[in-house]
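Colleague: I'd like to go through some of the labels on this one. Can you take me through them?

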Amino acid sequence: YIDEKILKKFSEQGAVGDIGLQYFDINGSPRAFVSHNERVAGMTLADLRKVPRRIAVVAGEDKVKAVVGAVRGGYINTLITDASCAQALVNFNEEL
């Protein structure tokens, strides 16, 4: 749904992931992406935090920063993942 050019711009601004096209950075902050996030129809990240059970299903070590950002932002509280992502989370270093 998002054009490659826009994805590249978001990445350069620090985006590490999205939930329902609501983008956030490694600290879970959506601030850099507010103008985009406000135009997306659906649940906001702030509304998502109010949901009691927030489950993420994630696979692959390339998703580590997205998982870290989602946890830091309080967007997920249950994680289902594969071994490669789990190992990468154990080995996660902020400077990667």
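**Labels and their cut-offs**

Modeller: Let's start with leucine 21, which lies in the loop between β1 (15-19) and β2. Strands here are DSSP runs of E, at least two residues, and helices are runs of H or I, at least four residues, numbered from the N terminus. Bear in mind that this is a predicted model, where local features need pLDDT of at least 70, side-chain atom pairs count only at pLDDT 80 or more, and totals for chains, interfaces and linings use all residues. Residues are numbered from 1 along each chain as its sequence is written, and side-chain values use heavy atoms, with hydrogens and water left out.

Colleague: Why is leucine 21 called partly exposed?

Modeller: Its relative accessible area is 24%. Buried means under 20%, exposed over 50%, and partly exposed in between (1.4 Å probe, protein chains only), so leucine 21 counts as partly exposed. Its phi is also positive, near 65 degrees. Most residues other than glycine have a negative phi.

Colleague: What makes glutamine 22 buried?

Modeller: Glutamine 22 has 4% relative accessibility, so it counts as buried. This residue is in strand β2 (residues 22-25), and its side chain reaches the backbone oxygen of asparagine 37 at 3.1 Å.

Colleague: How do you know that leucine 45 is buried?

Modeller: Leucine 45 comes out at 4% relative accessibility, so buried is the label. It sits in helix α3 (residues 45-48).

Technical notes. Polar contact = N/O pair within 3.5 Å; in protein donor to acceptor, adjacent residues only side chain to side chain.
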